[in-house]
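Trainee: Could you show me how to read helix packing and pockets in a model like this one? I would like the general idea and then the case at hand.

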Amino acid sequence: MKELKKKCDHNTCLLCRSVQPEWLPAIDAHRKVFQLKKGETLFHEGEEMKGMYFIHHGLVKVHKHWDEDKELILRIAHDGDIVGHRGLGMDTIYPVTGTALETTEVCYVDNNFFNATLKMNPDFLYKLMLFFAAELKESEKRMRNLAHMPVKGRIGQALVRMEEKFGKDEDGFIAVTLSRQDFASYIGATYETTFRLMNEMEGEGLIKIDGKKLGILQPSNLA
């Protein structure tokens, strides 16, 4: 990671948007800004958590080992999102890895300052609690789908969630691109199965594909 010397706009991430205005100078004094290249790792599964990251702009996949040569992508974070929070708790060891999917810029604060921020900013603490609750619900839903939903259904649900989170570009494609391998890891399926079923869905007029770009044509038949 490359450390950058730049000012924060105080509007991008949950941290700056939620704290008391009087706390912003403290954030500026304690934060560090890093830039990651595509494929560079922010934190590793099994490492000790030493701080929290907030994405200024970019894309980070949060993933863990599924098998010796496989991974499961649990979450895709982008502008304004918090990452690294899965290391919180009594056992401050990361159970996941965070890897940049494109050039990404993050703000970092260490654990001591993050904990002080929670104590001094109840509104931030409340919003963080709501975020944890929403992520827990989403994780439970994804685990249920992995266990009971066929791969074709998981593809459809993943595309709907991605469009809701990232929006669409001017051509109607989801405004984020993933490699087929990353998309397969996101839905918990093999590359071969994912590739075959996506081609079937394109042939059925359910989705559209242009290289890495994916778009939804019949959302009511995918949800």
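Mentor: Gladly. Let us start with two helices: α5 and helix α6 (residues 180-187) pack at an angle of about 105 degrees, with their axes 10 Å apart. Axes are lines fitted to C-alpha atoms, for helices over the stretch in contact, and angles run from 0 to 180 degrees between N-to-C directions. The model is predicted, with local features needing pLDDT of at least 70 and side-chain atom pairs pLDDT 80 or more, while totals for chains, interfaces and linings use all residues. Numbering runs from 1 along each chain as its sequence is written, and side-chain values use heavy atoms, without hydrogens and water.

Trainee: How are α5 and α6 oriented to each other, roughly parallel or roughly perpendicular?

Mentor: Angles of 65 to 115 degrees count as roughly perpendicular, so α5 and α6 are roughly perpendicular. Contact means heavy atoms within 4.5 Å; here Val151, Arg154, Ile155, Ala158, Leu159, Arg161 and Met162 of α5 meet Phe183, Tyr186 and Ile187 of α6. That contact has 8 nonpolar, no polar and 2 charged residues. In this scheme Ala, Val, Leu, Ile, Met, Phe, Trp, Tyr, Cys and Pro are nonpolar, Asp, Glu, Lys and Arg are charged, and the others, Gly among them, are polar.

Trainee: How many residues of α6 are buried?

Mentor: Buried means under 20% relative accessible area (1.4 Å probe, protein chains only). In α6, 7 of the 8 residues are buried, so the rest of the structure largely encloses this helix. Glycine 188 follows α6 and has a positive phi, near 75 degrees.

Trainee: Which classes of residue line the largest pocket?

Mentor: There are 7 nonpolar, 1 polar and 8 charged residues in that lining.

Conventions. Helix = DSSP H or I, 4+ residues; strand = E, 2+ residues; numbered from the N terminus. Parallel < 35°, antiparallel > 145°, perpendicular 65-115°, else oblique. Buried < 20%, exposed > 50% of the residue type's maximum accessible area, 1.4 Å probe, protein only.
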